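Hi everyone, thanks for coming. Please have a look at the picture with me, and we'll walk through a few parts of it together.

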Amino acid sequence: MKILIVDDSRMDRKLLMMTLAKAGLENEVLQAVDGEEGLKVLSEHYRDIGLILLDWQMPNLDGIGFMQGVVNVPEVADIPIIMITASGSEENKKMAHEVNPKLAGYVVKPYKRDQLIDLIKQHLKEA
Amino acid sequence: MDTPQPNVSDPFYVQGILLAEVIKRILNRRADIQLAKIETELALRPITEFMERMRVSSIEKFDSTTYISTINFYKSEKDQDGQRALGAIVVYIEGKYIAELLKRMDYPIDDPRDEETLLDGCGTICNLMAGNFKSGLTQLGYAELVMSHFSSFRNEVLEGVPYDIDQQNKYEVTTRIDGVKRMVADLTMGEIPKASST
């Protein structure tokens with residue numbers, strides 16, 4: 001299935017794609033530059049998306065706003081989301097889990113690639 | 001104008017030290033630069049204000065092309081919506097070094113001369129520093145702040161950067177790698193509530 005990356009940093013999106021490729025994950029990657037675009041891409045491709053990698057701080061609609069848009073829509077609520085953010089405080093983690101109790105992971109930048117890949121492999125939905 | 005002197009008992013000084021440590025740790029961990037090769041220097045500088053915004057220019061930082069990224073902090077989402085900034089981090093990276101730094105940090109660079117790539121890269125580094133700084137503040141007992149997304153510029157921020165206009169000074173963290181000045185970060189911050197008081 002496809003992986004959706006929602007992050008305003010092109011550099012971080014490319015780094016994630018490179019990390020996926022190096023780990024042998026050949027899933028097609030969809031990209032969005034903010035939460036608004038993420039929701040648009042998700043609504044068009046949700047049947048094919050098996051995992052979402054989500055940043056927090058983004059223009060227009062941030063990662064929390066994106067999840068708020070996702071969690072109450074049954075068609076997409078079960079797609080695993082891993083939040084990848086530079087904000088690693090306990091309060092931020094708690095807030096993310098409160099907004100999305102099914103959150104598959106909360107990874108703090110700079111992250112260890114093998115740990116992220118383990119998490120991705122653990123949660124990536126198969127077709 | 002007299003140069004303001006750091007006050008080591010001032011919480012703002014501790015925040016400046018925290019930012020310097022965050023910068024060192026990120027360069028060490030992500031760019032694999034030995035800590036012994038990274039020097040940071042903290043200096044208190046007056047803020048130049050114009051139309052209630054902090055003037056931001058690379059002229060006093062580097063004498064060549066400089067990439068600048070800014071991130072604001074707010075006490076709450078309501079303050080963010082009302083654009084009432086509590087603080088700001090402004091990161092300046094020397095133009096002739098930024099592509100090398102991004103490569104050392106393992107970011108994929110297709111074209112090291114591509115302006116958009118370098119602006120995005122500067123913002124990505126600024127985000128990494130600001131996010132880790134914000135987490136460090138909570139470990140010091142401060143309330144969680146709301147952080148903006150990054151904005152990036154070349155040489156100056158014409159419109160200035162929002163800040164708490166009651167503040168007169170900023171901390172300037174100059175970073176030298178292998179003895180060469182490569183990056184400067186400015187920090188301004190109003191009074192952050194303690195975690196227990198929120």
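Let's begin in chain B, where strand E2 (residues 49-50) and strand E3 (residues 53-57) pair in the antiparallel sense, with two bridges between them. Keep in mind that this is a predicted model. Take B:Glu49 as an example: its bridge partner in E3(B) is B:Met54. Now, how many residues sit between the strands in the hairpin of E2(B) and E3(B)? There are two, and in this hairpin B:Met51 takes a positive phi near 55 degrees.

E3(B) has another partner to show you. Strand E8 of chain B, residues 156-162, runs antiparallel to E3(B), and four bridges join them. One pair you can look for is B:Ser57 with its bridge partner in E8(B), B:Glu156.

For the complex, the predictor gives an ipTM of 0.91 and a pTM of 0.94.

Next, let's turn to two helices. Two packed helices are described by the angle between their axes and the distance between the axes. In chain B, the axes of helix H3 (residues 95-104) and helix H4 (residues 115-139) come within 10 Å and cross at roughly 60 degrees. The crossing of H3(B) past H4(B) is left-handed. Which residues meet there? From H3(B) we have B:Ile98, B:Ala99 and B:Leu102, and from H4(B) we have B:Leu118, B:Gly121 and B:Cys122. By class, this contact of H3(B) with H4(B) has five nonpolar residues, one polar and no charged.

Now for the place where the two chains touch. Chain A brings 20 residues to the contact and chain B brings 23. On the side of chain A, the elements giving two or more residues are helix H1 (10-22) and helix H5 (90-99). H1(A) supplies the largest share of that side, six residues. Sorted by class, the chain A side has seven nonpolar, seven polar and six charged residues.

Last stop: A:Leu103, in the loop between H5 and strand E5 (105-108) of chain A. Is A:Leu103 buried or partly exposed? It is partly exposed, because 18 other C-beta atoms lie within 10 Å, and a buried residue would need 20 or more. Beyond its neighbours within four places in sequence, A:Leu103 is in contact with A:Ile81, A:Met83, A:Ala96 and A:His97. Its C-alpha atom is also 11 Å from that of A:Leu51, a residue 52 places away along the chain.

Methods: Residues are numbered from 1 along each chain as its sequence is written. Chains are lettered from A and ligands numbered from 1 in the order in which they are written. This is a predicted model: local features need pLDDT of at least 70, side-chain atom pairs count only at pLDDT 80 or more; totals for chains, interfaces and linings use all residues. Axes are lines fitted to C-alpha atoms, for helices over the stretch in contact, and angles run from 0 to 180 degrees between N-to-C directions. A crossing is left-handed if the near helix is turned anticlockwise from the far one by less than a right angle, and right-handed if clockwise. Two residues are in contact if their C-beta atoms, placed from the backbone, lie within 7 Å. Ala, Val, Leu, Ile, Met, Phe, Trp, Tyr, Cys and Pro count as nonpolar, Asp, Glu, Lys and Arg as charged, and the others, Gly among them, as polar. Two strands pair if DSSP finds at least two bridges between them. A residue is buried if 20 or more other C-beta atoms lie within 10 Å of its own, exposed if 12 or fewer, and partly exposed in between; C-beta atoms are placed from the backbone.
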